[in-house]
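Subject: Structure for you to look at

Hello,

Here is the structure I said I would pass on. Please open it next to this message and read the two together.

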Amino acid sequence: MSASASPPQSRRLVGSYADAVIVGSAFIRAIEATPGPAGAHQAAVLAQRLADGLRRAVPTAA
C-alpha cells in the first residue's frame with residue numbers, strides 16, 4: 001500500500017497488521033516539490049507524521 005495514495009486512516013489500519021507500509025514515493029515527491037534543504041525538511045516532517053500515525057495504530061505491550 002502506498003502512503004501517498006491512501007489516507008492516514010488506511011495507513012494506520014494496514015500498519016496494525018502489516019510488517020511495513022511502503023511510503024517511498026511520498027518522500028520522493030516531498031523532496032522533488034521543494035528542492036534543497038527545505039525539501040529535506042518536508043521529508044522529515046512527513047516521516048514524523050507517518051511515525052506518529054503508526055504509533056497510534058499499534059498497541060504497545062503492557
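Below is what was found, going from the whole chain down to one residue.

Please keep in mind that this is a predicted model. The mean pLDDT of the protein is 75, and 58% of the residues reach 70 or more. Residues 1–5 need care: pLDDT stays under 50 there. The model has 15 contacts beyond four places in sequence for that stretch.

The secondary structure consists of 3 helices and 0 strands. Read from the N terminus, the order of elements is α-α-α.

Of the 62 residues in the protein, 24% are buried. The protein exposes about 4,300 Å², and carbon and sulfur atoms supply 62% of that area. Among the contacts with a separation of 6 or more, 32% are between residues 24 or more positions apart.

Where is Q42 placed? Q42 belongs to helix α3, which covers residues 37–57. Is Q42 buried, partly exposed or exposed? Its relative accessibility is 38%, so Q42 counts as partly exposed, since that class lies between the 20% limit for buried and the 50% limit for exposed.

Which residues does Q42 touch, apart from its neighbours within four places in sequence? Q42 is in contact with A30 and T34. A30 is 12 residues from Q42 in sequence, and the C-alpha atoms of the two are 5.9 Å apart in space.

Regards

Conventions. Residues are numbered from 1 along each chain as its sequence is written. This is a predicted model: local features need pLDDT of at least 70, side-chain atom pairs count only at pLDDT 80 or more; totals for chains, interfaces and linings use all residues. Side-chain values use heavy atoms; hydrogens and water are left out. pLDDT is the predictor's confidence in each residue, from 0 to 100. Contact means heavy atoms within 4.5 Å. Helices (H or I, at least four residues) and strands (E, at least two) are DSSP runs, numbered from the N terminus. Buried means under 20% relative accessible area, exposed over 50%, partly exposed in between (1.4 Å probe, protein chains only). Accessible areas come from the Shrake-Rupley method with a 1.4 Å probe; for residues, only the protein chains shown count as cover.
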